[in-house]
Every structure is written in C-alpha cells, then in structure tokens.
Amino acid sequence: MAEEAAPTESSPLRPGRAARFIPRSPVGWLGLLFVALIVLWLGRNLVADPSEFFSIFFIGLTNGAVYALVALGYTLVYGILQLINFAHGDNFALGGLVASTVIVSWFGLGGDPSTGAVVVGIAVALVIATAFSSALGTTIELVAYRRLRNAPRLAALITAVGMSFILQDIGLVGWGVSFRTIDPLISNDVAFSIGDVGFQWNKLTVLALTVPVLLVLTWLVRSTKQGKAMRATSMDMDAAAMMGINVNRTISFTFALAGGLAGAGGLLYFLHFSSIRYDTGFQLGLIAFTAAVLGGIGNLSGAVLGAILIGLIEQFNEGLPLWSPGSDWTRSIVFGILIAILVFRPEGLLGERTPEGG
Amino acid sequence: MTATEANGGGTILELEDVHTFYGSIHALKGITIEVREREIVTLIGANGAGKSTTLRSINGLNRPRRGTIRFQGQVITDAPAHKIVKMGIAQSPEGRRLFPRMSVLENLQMGAFQRSGKDKDLHSDLDRVYTLFPRLAERKSQMAGTLSGGEQQMVAIGRALMARPKLLMLDEPSMGLAPIFVERIFDIIREINEQGTPILLVEQNAMMALDVAQRGYVLETGTIALADEAKALRQNEQVRKTYLGEE
Ligand SMILES: Nc1ncnc2c1ncn2[C@@H]1O[C@H](COP(=O)(O)OP(=O)(O)OP(=O)(O)O)[C@@H](O)[C@H]1O
Ligand SMILES: [Mg+2]
C-alpha cells in the first residue's frame with residue numbers, strides 16, 4: 001500500500017535565503033529596480049538632511065504604531081476564522097469616540113490641564129475605551145458571526161460589511177456628524193535629543209503605550225494556555241475541540257482581544273491626531289487591513305511590520321524634501337507598493353506559504 | 001484470550017438507538033452498541049457505512065438527533081465536544097487532524113491540554129508515548145505537517161494517549177500504512193489495551209481488526225447488520241465474503 005500524501009503543507013526544498021532575492025524573470029528585475037529607486041530616494045534625503053529625515057521617520061513610526069493596534073485585530077480574527085472583520089475599523093472609531101467623551105466631557109481636559117489630570121484622564125479613558133470595544137467585538141461575533149461559522153465565506157463577509165455600516169450609524173447618532181476635536185493634550189516639547197533629532201513627548205507617549213501592549217500580546221499568544229488554544233483553533237477547529245479546547249470561548253476571547261486593541265487604538269488615535277468622527281474607522285480600517293495583508297494576514301509580527309511600513313511610507317512621501325511625489329499621491333503610493341509586494345510575495349512579507357494563500 | 005469475556009466487565013460506553021444527520025442526510029439510522037471495561041471493540045463496514053459518523057456522534061462533533069449516549073453511566077448525548085474530552089474520551093480521528101504548524105512535541109502537549117496537569121505527569125506521559133513510538137522522540141521538534149503519513153499516524157495516536165483517556169477511539173489507524181507498519185500499529189493497540197484502556201476501533205482492515213478485538217459490530221448504511229464476538233464474526237460466512245475477501 002502506498003504511503004498517503006500528507007494532507008497539509010508539503011515541504012518543498014526551499015532555496016537559500018540569498019537565492020530567493022535573485023530575480024528569475026523580467027518582472028523580477030523590474031521589482032529590483034523599483035526597490036533600488038526607493039533606496040536611492042531615501043538615501044539621497046538622508047544625506048541631504050539627516051535630522052529632518054529622522055524626525056520624519058519618528059512621525060511615521062508613531063503613526064505606524066497606531067495603525068498596528070488596529071491591524072492586529074484584523075489579523076487575529078482572520079487567523080482564527082478566516083474572516084475579514086470589516087466592522088473592526090468601526091469598532092476602533094467607536095472606541096475613539098467613547099474615549100473622546102471620557103476625556104472631553106467627563107474630565108474636561110480641553111484647555112490647559114495639569115499633568116496629573118491628563119495622566120488620570122488618559123488612564124481612565126484607556127480602560128473604558130478598551131473595555132467598551134472589547135465587549136462590542138465579542139458581542140458582534142456572538143450575534144452576527146457565530147451562526148455563520150459553517151456557512152459559505154461570502155455570507156459572513158457580507159454580514160461583516162453590514163455590521164460595519166451599523167456601527168457607523170451608531171457613531172453618527174451617538175456623536176453627530178462633526179469631528180470631535182481636542183487641543184493637543186500632551187506637549188510636543190522635546191523630551192530628549194540624540195544628535196540633532198528631538199524626541200517629543202506626545203509621540204513618545206504613543207510609543208510608550210503601544211510597545212508594552214504589543215509585548216503583552218506576543219507573550220499572551222506565544223506562551224499562555226489561552227494562546228495555545230488560539231493557535232490550535234486557528235489550525236483546525238474540530239481537532240482543537242477534540243483536545244478539550246472550548247472553541248466558542250476561544251473565539252470570543254480572540255474577538256475580545258482584537259476589540260480591546262481597537263479601543264486602545266481609538267484612544268491613541270484621538271490623542272495623536274486630535275480629531276475623530278463616526279466614519280474615521282472606514283479609512284483607518286482600510287489602512288490597517290492593508291497593513292495586515294502587507295505583513296501576511298494571520299501573522300502578528302507581520303501586522304506590526306506592515307503597519308509601521310505604511311506609516312513610514314506615508315510620512316516619507318509627504319515630508320521628505322527631495323524627489324517626493326507629495327501628499328496628493330500618498331494613497332496611490334501606499335497601494336502601489338502593496339500591489340508590488342503582493343505580486344512578488346502573495347502571502348505577505350512574513351506570511352506563511354499555505355495552500356489557502358495569505 | 002483476555003479476562004474480559006470471563007468477568008464481563010462493566011459497561012463504559014453505551015449508544016442506544018442513535019440517529020445522526022448531516023443536514024437532511026440520515027447517516028446513522030438507529031445505532032446501538034456498547035463498549036465494556038478493558039475491551040477492544042471494533043466497528044467494521046464498507047465506505048460510507050457510518051463508522052466515522054458514529055465516532056463523531058460520541059465525541060460531540062455531530063450531535064445525534066435521536067437516541068442516547070452514555071459514558072460511565074452519565075448521559076453525554078448533548079454535551080459539548082470539549083467537555084466529553086474532559087470526561088475521558090480521546091481519539092485519533094479520521095485523517096489524523098494534527099496541528100500542521102506545531103511541532104510533534106507541541107502536538108503531543110496539545111493532547112494533554114485539558115488536564116490541569118502537573119509537568120511531572122506530562123513528562124511521564126511523554127515518555128510513555130516515546131516508548132511506544134521511538135521514532136517520535138527523534139522527530140519531536142519537526143513540524144507535524146511535514147511528517148510522513150505513518151509518522152503522522154503515530155502522533156495522532158500518541159496525542160490521544162496524552163489525554164490519559166478512559167476510552168480511546170481510533171478511526172482507521174492503519175490507513176495508508178505499509179503492511180509491516182500495520183502489524184506494528186496493531187501490536188501497539190494491543191499493548192495500550194493491556195495497559196488498561198478500553199478501545200473502540202474503526203477499521204477497513206477487518207482481518208486485523210477482528211484479530212485484535214474481543215467483540216465487533218458490522219455497520220451497513222447506517223445500521224448495525226451484525227454484532228458478535230470477534231471470533232464468531234471471523235467465522236461468519238457473510239463477513240468472510242464481504243469484508244475478509246474470501247470466497
Ligand atoms: N460532512 C458530511 N456532509 C454530508 N454527508 C456526510 C458528511 N460526512 C459523511 N457524510 C455521509 O454520511 C455517511 C457516513 O459517512 P462516514 O464518514 O461515517 O462513513 P465511514 O463508514 O466512516 O466511511 P469510510 O470507511 O469511507 O471512512 C456517508 O454516506 C457520507 O456520505
Ligand atoms: Mg470513516
């Protein structure tokens with residue numbers, strides 16, 4: 001009797017790391033040229049004005065950190081259900097709106113508040129926005145997605161689009177059509193400088209809140225029992241159930257986690273960009289989703305990498321003085337790069353080569 | 001033979017008139033079977049007879065619409081799959097269903113997931129699996145998805161053992177294995193059973209299955225066609241013709 005072929009991934013002999021980057025077709029050479037041009041552009045600007053370059057880099061990094069919080073939610077949910085949760089971006093926006101209410105209406109942090117008040121206000125807003133979006137994410141899974149788990153993918157996808165509109169409408173009714181704005185709460189004074197490059201308090205705060213969240217998340221998924229359950233469920237739901245894993249609870253937990261990240265992201269967005277409204281989640285959701293695909297959907301480090309890359313590309317394009325196409329072209333450039341990367345690596349930068357693709 | 005027939009053993013698993021559907025497809029049309037302490041019971045039958053569906057009805061992945069399933073006297077017909085594992089039913093499913101992007105070791109550890117288990121127990125359980133399948137010790141850090149079919153089968157059985165089951169269910173453990181390896185798997189099944197675990201064994205290889213089992217059931221399109229001692233089934237004219245390929 002012949003040995004049955006392994007039902008999952010086979011193990012093709014992978015070419016060496018270096019060999020992978022030697023193009024095998026004209027398109028490949030074109031890609032290499034494209035990369036070379038980008039490197040040249042960045043290099044030229046770096047040489048011309050290093051301190052300007054790094055301060056733009058720092059802004060891009062900060063924006064990327066905010067995108068990363070949202071991108072992770074797309075990737076977490078996709079990883080476990082193979083579902084693109086379109087409502088996720090709107091959950092993020094509602095989280096931001098809730099945070100704006102806490103900060104502006106409850107704490108009245110509009111004018112020129114004391115540092116103590118700002119710290120307490122932000123901490124309370126963080127807890128409330130995170131809890132709110134977390135609960136909202138879990139509820140959406142429970143009422144909208146759970147029954148469709150075995151239905152065709154398109155049914156769940158359409159439901160997700162529908163949930164997205166419902167959440168936008170809730171935001172519209174609850175917070176109105178105009179932007180909720182706030183004067184910058186955290187000063188943009190330079191906290192410290194390295195050489196000519198100054199690191200400002202407001203951006204440092206965003207990073208100081210994001211980095212620990214990312215570290216905790218990584219630890220949670222890699223090293224805890226709950227994380228093991230998530231990984232197992234994402235690979236094979238039935239098999240996970242046969243191991244004694246409560247699959248429903250694991251999926252709820254995943255949505256809670258994704259929602260919590262979106263809520264935290266909403267607060268940081270409001271602090272960082274100073275304005276938010278009911279449809280902010282649409283655009284930002286698209287950017288974050290793009291980041292998740294760019295990094296390799298389902299891959300946590302990939303989502304962070306993709307988000308930071310997009311943050312950087314945007315800022316470099318809008319801020320670098322030499323040879324930059326400028327802000328009119330930002331979205332075209334972001335998506336142009338996305339398409340280019342996906343042509344060469346359909347599974348995304350850090351995605352795995354699986355039969356179902358990236 | 002074993003002591004089982006002599007003392008009869010208490011019943012550990014009982015299915016009574018179980019009906020299971022896939023949508024409108026009536027896959028099991030009133031299955032009644034039982035497994036007693038220390039026994040190996042085999043379920044044989046043609047493709048599509050409902051053998052795997054019987055196991056999926058027991059483990060909670062396909063709830064029966066009618067009938068009762070009792071495990072150690074408790075009704076588990078409507079219990080969710082993860083609770084049933086905790087009660088002590090583990091299995092090596094059809095198609096093995098390993099976690100492809102986890103290592104062999106991680107797969108084995110997943111088997112013990114539901115036990116609040118101390119690490120010491122885990123080590124002795126791993127040792128037990130590695131003693132049964134020395135090959136897995138060599139391969140423990142390899143991704144399960146890249147193992148050969150036979151190696152995957154070993155992991156699937158080992159993973160089920162890691163749950164310290166009170167009842168072990170095996171769905172076609174010899175599927176796709178080289179003949180020499182089939183012999184080895186059946187030796188291991190006997191060995192696991194002699195260590196005290198009752199086994200419900202689904203097999204295409206009726207000859208080997210009836211050899212290792214004490215009792216057997218023959219399934220035909222969702223119903224039990226025959227139920228008897230394994231020895232008697234081996235002698236049965238109809239079984240010999242249909243399932244043992246004898247004229
Ligand atoms: N997911 C499903 N959806 C619809 N029908 C199914 C499904 N799974 C099994 N069936 C049907 O139920 C019946 C019993 O299937 P089952 O898998 O239990 O057979 P089996 O005895 O295990 O066969 P085999 O020896 O081929 O594994 C078959 O007629 C099959 O077509
Ligand atoms: Mg089967």
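**Entry 1: the ligand**

I began at ligand 1, where a polar side-chain atom of B:Asn47 lies 2.9 Å from an oxygen atom of the ligand. I then looked up B:Ser52, and one of its polar side-chain atoms is 2.7 Å from an oxygen atom of ligand 1. B:Gly48 takes part through its backbone: a polar atom there lies 2.8 Å from an oxygen atom of ligand 1. I call these polar contacts, meaning a pair of N or O atoms within 3.5 Å; within protein, one must be able to donate a hydrogen and the other to accept it, and residues adjacent in sequence count only if both atoms are side-chain atoms.

How many residues surround ligand 1? I found 14, the closest being B:Lys51, B:Ser52, B:Thr53, B:Glu94 and B:Gln204. A residue counts here if one of its heavy atoms lies within 4 Å of the molecule.

A note to myself on the ground rules: this is a predicted model, in which local features need pLDDT of at least 70 and side-chain atom pairs count only at pLDDT 80 or more, while totals for chains, interfaces and linings use all residues. Residues are numbered from 1 along each chain as its sequence is written, chains are lettered from A and ligands numbered from 1 in the order in which they are written, and side-chain values use heavy atoms, with hydrogens and water left out.

**Entry 2: the two domains of chain B**

I looked up the domain assignment of chain B, which gives domain 1 (1–88 + 167–247) and domain 2 (99–164); such bounds come from an automatic or database assignment. The C-alpha centres of these two domains of chain B are 24 Å apart.

In domain 1 of chain B, 16 residues are in contact with eleven residues of domain 2 of chain B, contact meaning heavy atoms within 4.5 Å. The two domains of chain B bury about 1,100 Å² between them, with 72% of it on carbon and sulfur atoms. Buried area is the accessible area (1.4 Å probe) that two parts lose on being put together, summed over both.

Which elements give two or more residues to the side of domain 1 that touches domain 2 in chain B? They are α3 (81–87), β7 (167–171) and α8 (179–194) of chain B. Helices (H or I, at least four residues) and strands (E, at least two) are DSSP runs, numbered from the N terminus. The largest share of that side, six residues, comes from α8(B).

**Entry 3: chain A against chain B**

Next I turned to the chain interface, where 27 residues of chain A are in contact with 35 residues of chain B. The chains bury about 2,900 Å² between them, and carbon and sulfur atoms give 58% of that.

I counted four salt bridges between chain A and chain B. A:Asp238 and B:Arg56 meet in a salt bridge through their side chains (3.4 Å, N to O). On the side of chain A that touches chain B, α8 (225–235) and α9 (237–242) of chain A each supply at least two residues. The largest share of that side, six residues, comes from α8(A).

**Entry 4: salt bridges overall**

My search of the whole structure gave 19 salt bridges over all chains. B:Arg70 forms a salt bridge with B:Glu16, the closest N and O atoms being 3.4 Å apart. B:Arg70 lies in strand β4 (residues 66–71) of chain B and B:Glu16 in strand β1 (residues 11–22) of chain B, so this pair ties together parts that are 54 residues apart in sequence.
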